[in-house]
Amino acid sequence: MDELEAIKVTFFQECEELLADLEGGLLAMQEGAGDLETVNAVFRAVHSIKGGAGAFGLEPLVRFAHVFETLLDAVRSGTVPNTVELAAVLLRASDILADHVSAARGLGDVDMGASAAMAAELETWTDPNAAPAAHAPLVEDAAPVAAAPAAASVSGVADDDAMDDDDLGFVFVPQTITVEAQAADAEPSNVWTVSIRPKSDLYRKANETALLLRELSRLGPIKATLDDSALPALGELDPEAAFVTWSVRLETEEDESAIREVFEFVDGDCDLEITRGEGGVQDAMASLLAVAEAPPVVEAVEPAPAPAPEPIEIIAPAPVAEVVEPVAPAPAPVVEAAKPAAAPAAPAAATPKATPVEVPGPGQSVIRVDPERIDRLIDLVGELVINQAMLAQRVGEYGIAPSSNLAMGLDELEQLTREIQDSVMAIRAQPVKSVFQRMPRLVREVANMTSKQARLVMEGENTEVDKTVIERLSDPITHMLRNAIDHGLESPEERKAAGKNPEGVVRLAALHRSGRIVIEVSDDGKGINRERVFGIAVKKGLIAPDLQLTDEEIDNLIFLPGFSTAEKISDVSGRGVGMDVVKRSVQALGGRISIASRPGQGSTFTLSLPLTLAVLDGMVVDVAGETLVVPLAAIVESLRPKPEEVRPLGPVGSVLAVRDSFVPLIDVGQALGYRDHSPAPTDGVVLLVEGEDGSRAALVADAIHGQRQVVIKSLEQNYQQVEGVAAATILGDGRVALILDVDATIAMRRRDGGAPRPTEPTLIAAE
Amino acid sequence: MAAAIALPENLDLKAAAPLKAAFLERRGAAITVEADQVRRLGGLCLQVLLAARKAWDQDGQAFSIKGPSEAFVETTRLFGAEGALLSAEFQGAES
């Protein structure tokens, strides 16, 4: 049972990927890039979901997927034209399919009404004439389909004769499902019918029909129909003689010679008939049957001593081998690698992945690993890093010369540890694409709901970030996008009146900056109405009416708990989840969110998160007797200020002259509440740091101990969030040190104006 | 009660005769064909499987293919033999 559950988990993981592929393909179709390859990919995604769902008896999912698949199959074969309108319908259908998957997973409900309506709509597309009766099969569907989730029974397309009530759906009637369905319609000009009748020699010469079919499928989608009417009963069967024949419907842009080329190496060992169109299917089959019914291939009976020594006239065995080689072993590595350690788990796990005939390239092997195993590996590597640091420190304490073998060996160990760490982290890194992909639909939906016109522009989809971070990106991005459309963009009329394009642009971008990932959501709307925001904040008692705030500070008021600018709660963004919730969830990740706005030109939300929640390069410093780690990514330079470079500013603050500019001096000890009075900056060391918004500050510390790679241990998880502190770590000597949050420290100084920090529980790193 | 046959990895020309013999030996009882190891399925072994399927049906005995490997499913579909050899969930108009 556990094993089945495990397979099911794999299935749902694959469903997620398949749904993403599906949406990607449909979006491409909607943008007019609906080539056959895309349609095929879309079809396969739905088909694979159906296949897996069938294995687990997830009936509602199978039924819906089947209707969906039927329409896609019709699109694939050209029966239903591939249009932009169709893509829009398919996109909505894929939404419902995703709902079905979630429901099957126990993560939500499906609106069965909407699902039935969509199924009916899909059926109308498949067969416009069936429109009035479209609901009938659905009612029938409602009755549970006995033990077998025989999906095909739902179909209006599948030939009933082709289905047997046997749970294997066993049929020996040639299956003409696709062919018959399409024969009724105008047939695309690029359809061919290839009749293949292998002779026994074909197999004896180590050729293989499967390879021929696979080669054919490279020219375009194929559907083979086998005819086994000449097959003798098992007892009489000569296992090395050929009896079964095939009729293949092939759709390709290639010409007849390309098709013939596939059979080049089996010439003479295989009767071949190639006709244009599919009208010829029956005729071709009939003619083949006639041949097949003739006295069964006599030469086949003579026993072939194992690999028969090839007669010399056989057309070059070498090229044959060439054809065979690349094709046959290709699918193997994928299957192999996909197998979890316990082999028996493989069968069903492999099935939903119905990889189609496109033979995967040799390099495309994929391993599925339980994320927990990777997490454990990352934890272990973290411990290794700490251990290595401790070892290095001990060796240092013994005063061993840096040129000694021991010290050099340690250096190498450090190098290796670092490489291992990078590689391990890379395993878990993923492009943000998986999250971004879901957004175009969201934008369309929200725009529809709010009667606005919005176009989404995405940048940096391939920016990679640790999986732990990616999983939590979706919610804040969704919320920011909703907000941008609902509150940011004006209505088309307002935009026209303002001389703008009625269609608003919402930009979603991801980039790496200062060792963090930054997500920006910007709109070209009206920007934040600062007077109104200020007014609301005062009205709600969130700030004092006489408070002097900069524009930026007013903009950021929207993150205050209990703030909601929508006067009328809209369907879209006013569901009680305010920006404050977003901010809190981002902060919990060690991230920050801010907004910048220009009236009439739009707003930009900037969300910055650590690339990983695991390790950090830092500068170890001493402050008021405490050891702190300052993230290296934030440090521009370190220096010892001269007295003439320090200038007082205001009652308590002072600034440092660095080359041509002045930067505020912040005493870290005071900022964190370690001490009330700052020592003269000239007595200590100054770290010139740059915040994410580009603002600079000079942090005063007492001494620098050097650079160190540290393993991040969350403070939030183990204690609570502390302003100005990003996380904690364990140093080489086993002491706990706090990691400074540079941006928060700068922000604190701006807010408090450099005054000593008021009562805040003093947090002292434990020995 | 039910017999089982574990299909080898490579179902090529050389495997066809032993496969037929294996089926004949187990005739008369329900059979489970384990297809999880299959990496290659050739036309001759396909014929044996089809004939066996027919024979078991004639005998009124259950014939089931258990846990087909991805390669098995893919090649069976390629052959257009999914109706005969695969249970409903693996079927479909895959090209």
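I begin in chain A, where helices α15 and α16 of chain A cross in the left-handed sense. Left-handed here means that the near helix is turned anticlockwise from the far one by less than a right angle, and right-handed means clockwise. Helices (H or I, at least four residues) and strands (E, at least two) are DSSP runs, numbered from the N terminus.

Some housekeeping before I continue. This is a predicted model, in which local features need pLDDT of at least 70, side-chain atom pairs count only at pLDDT 80 or more, and totals for chains, interfaces and linings use all residues. Residues are numbered from 1 along each chain as its sequence is written, while chains are lettered from A and ligands numbered from 1 in the order in which they are written.

Back to the pair. Helix α15(A) covers residues 371-397 and α16(A) residues 405-428; they pack at an angle of about 160°, with axes 10 Å apart. Axes are lines fitted to C-alpha atoms, for helices over the stretch in contact, and angles run from 0 to 180 degrees between N-to-C directions. The two helices are therefore roughly antiparallel; the cut-offs are under 35 degrees for roughly parallel, over 145 for roughly antiparallel, 65 to 115 for roughly perpendicular, and oblique for the rest.

Which residues of α15(A) and α16(A) meet? Among them are Ile374(A), Leu377(A) and Val381(A) from α15(A), and Leu410(A), Leu413(A) and Ile420(A) from α16(A). Contact means that the C-beta atoms, placed from the backbone, lie within 7 Å. By class, this contact has 16 nonpolar, three polar and two charged residues. Ala, Val, Leu, Ile, Met, Phe, Trp, Tyr, Cys and Pro count as nonpolar, Asp, Glu, Lys and Arg as charged, and the others, Gly among them, as polar.

Another helix pair in chain A is α4 (residues 84-104) with α5 (residues 112-126), packed at about 145° with axes 10 Å apart. The crossing of α4(A) and α5(A) is left-handed. The residues that meet include Leu86(A) and Ile96(A) in α4(A), and Met118(A) and Trp125(A) in α5(A). Their contact has eight nonpolar, one polar and two charged residues.

Now the sheet. Five strands of chain A form an open sheet with mixed pairing, in the order β6-β8-β9-β11-β10. Strands pair if DSSP finds at least two bridges between them. At the edges stand β6(A) (454-459) and β10(A) (592-598), each with a single partner strand, so one side of each has no neighbour in the sheet.

Going across, β8(A) (residues 504-513) and β9(A) (residues 516-523) run antiparallel and are joined by eight bridges. Arg513(A) has Arg516(A) in β9(A) as its bridge partner. Helix α18(A) (residues 439-449) packs on the sheet and touches β6(A) and β8(A), its direction making about 160° with that of β6(A). Helix α20(A) (residues 474-488) also packs on the sheet, touching β6, β8, β9 and β11 of chain A.

Next, β9(A) and β11(A) are antiparallel over seven bridges, and Ser522(A) has Thr604(A) in β11(A) as its bridge partner. How many residues of β11(A) are buried? Eight of its nine are, so β11(A) is largely enclosed by the rest of the structure. A residue is buried with 20 or more other C-beta atoms within 10 Å of its own, exposed with 12 or fewer, and partly exposed in between, the C-beta atoms being placed from the backbone.

Finally for the sheet, β10(A) and β11(A) make a hairpin with three residues between them, and Gly600(A) in the turn has a positive phi of about 80°. Ile595(A) stands opposite Phe605(A) in β11(A).

For chain A as a whole, there are 27 helices and 22 strands, and buried residues make up 39% of its 767 residues.

Last, chain B. Helix α1(B) (residues 13-25) and helix α2(B) (residues 43-59) pack at about 15°, with axes 8 Å apart. They are therefore roughly parallel, and their crossing is right-handed.

Strand β3(B) (residues 31-34) pairs with β5(B) in the parallel sense over four bridges, with Val33(B) opposite Ile65(B). The covered face of β5(B) has Phe63(B) and Ile65(B), and the uncovered one Ser64(B) and Lys66(B). Ser64(B) is partly exposed, with 16 other C-beta atoms within 10 Å.

Key: Two residues are in contact if their C-beta atoms, placed from the backbone, lie within 7 Å.
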